[in-house]
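Me: I am new to this structure and would like to learn how to read it. Please take me through a few features, one at a time.

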Amino acid sequence: MAGLVSSGFRHGASQGSVLLLPSIENLKQRWQGFRDAAERPSRCLFCPSGRIWWNGVRIRSASVRGDGPAAVYIPDIACPQVKCARCRKCWTLRPEGLGAQRHYQLCVVADATARYLFEPEQCLDNVGQAVGCDRRTVGRWVEWLAALAEPADLLRHVLHAAGAPIVARMHPAAPVARNATSAAWQAVRHRASQVLSLLEALGAALGWEPPALRSVLSAVWGGRYRATTYARPSLPDFARRLLWGLGPVCPHGP
Ligand SMILES: [Zn+2]
C-alpha cells in the first residue's frame with residue numbers, strides 16, 4: 001500500500017523550540033552540574049579493565065537552539081576525564097545530549113540549514129547573523145550535510161522504517177539569486193536539501209523527536225567521537241546497516 005511520509009520541517013522562530021524540554025534553563029543546570037553528578041565508569045571503553053581513574057576535567061561550552069533562530073550559549077560545562085589504569089587510554093564523560101567535539105549542537109545546525117535551504121529570502125549572511133555565527137560556518141554545515149549520506153541509502157532506510165512503499169516528500173532547495181551563487185554551490189544545496197528531507201522523513205517514520213538530524217545521527221553515532229562538522233563528512237553507517245536491527249539491506253552490504 002502506498003502512503004506518504006509527512007516531512008514538514010519545524011523551523012523558524014514562530015514554531016518555537018523543538019529541542020529543549022523542559023527548558024533551556026534546566027538543560028543549562030543539568031549540563032553545568034554534570035561534574036558533580038557524573039559517576040566513574042566501571043569498565044574501560046577500550047579493554048576489559050575495571051580500574052578507572054579520574055583524570056582531570058575539560059571545560060566545554062556549547063550553543064543550542066533556543067526559542068528563536070539565535071543560538072543560546074552555554075558556558076562552563078565541566079566534563080570529567082577518566083583514564084584506564086591498565087591500557088592508559090583516556091576519555092571524556094559528557095552529559096546526555098551534549099555532542100562530542102562540536103560547539104554548535106545539531107539542533108542549531110538542523111534549524112539553520114533548513115532555513116538557508118528552504119526559505120527563499122534567506123542567505124548565508126542573514127542565517128549566520130540570526131544564529132550568531134559566521135556565514136562560513138553556515139556554509140560549512142551545508143557542505144557537511146550534502147556529503148553526510150547517499151540519498152539512495154537514506155531512502156532505503158526510510159522505506160524499511162515505514163514498513164511499506166512510501167513516497168518521501170522532498171523539499172526542493174529554495175532558489176537563490178543567480179549572481180550570488182555558482183552551479184557547483186547550487187549542486188551542493190540541492191544535495192543537502194535531499195539529505196535533510198530524507199533524514200526528516202526517516203525521523204518521522206521512526207517516530208523520533210525532531211529535528212531528525214539530531215535524533216537520527218545520535219542513534220547512528222551512538223556517542224562515538226564522529227559528530228563533527230569539521231572532519232571529512234560521511235555516514236557510511238547508513239550504507240552498511242540499519243538503525244533498528246533488521247539487518248543490512250543495501251546491495252553494497254555490511
Ligand atoms: Zn583500558
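Me: Is Asp76 buried or exposed?

Reply: A residue is buried if 20 or more other C-beta atoms lie within 10 Å of its own, exposed if 12 or fewer, and partly exposed in between, with C-beta atoms placed from the backbone. Asp76 has 11 other C-beta atoms within 10 Å, so Asp76 is exposed. Asp76 belongs to strand β3, residues 71-84. Helices (H or I, at least four residues) and strands (E, at least two) are DSSP runs, numbered from the N terminus. Asp76 is not a glycine, yet has a positive phi of about 55°.

Me: What is the phi of Arg88, and where is Arg88 placed?

Reply: Arg88 is not a glycine either, and has a positive phi of about 70°. Arg88 lies in the loop between β3 and β4 (90-92). With 12 other C-beta atoms within 10 Å, Arg88 is exposed.

Me: What kind of model is this, and how are the residues numbered?

Reply: This is a predicted model: local features need pLDDT of at least 70, side-chain atom pairs count only at pLDDT 80 or more, and totals for chains, interfaces and linings use all residues. Residues are numbered from 1 along each chain as its sequence is written.

Me: How should I read pLDDT here?

Reply: pLDDT is the predictor's confidence in each residue, from 0 to 100. Where pLDDT is low, the predicted coordinates should not be read in detail. The protein chain averages a pLDDT of 77, and 73% of the residues score at least 70. Over residues 1-21 pLDDT stays under 50. Over residues 239-254 pLDDT also stays under 50.

Me: How do the axes of α3 and α5 cross?

Reply: Two packed helices are described by the angle between their axes and the distance between the axes. The axes of α3 (residues 106-118) and α5 (residues 135-146) come within 10 Å and cross at roughly 90°. Angles of 65 to 115 degrees count as roughly perpendicular, and α3 and α5 are therefore roughly perpendicular to each other. The contact (C-beta atoms, placed from the backbone, within 7 Å) involves Val109, Ala112, Thr113, Tyr116 and Leu117 of α3 and Val138, Trp141, Val142 and Leu145 of α5.

Me: Which peptide bond is cis?

Reply: The bond joining Pro210 and Pro211 is cis, with omega about 0°. Pro211 sits in the loop between α7 (183-206) and α8 (212-221).

How values were computed: Contact = placed C-beta atoms within 7 Å. Axes fitted to C-alpha atoms, helices over the stretch in contact; angles between N-to-C directions. Parallel < 35°, antiparallel > 145°, perpendicular 65-115°, else oblique.
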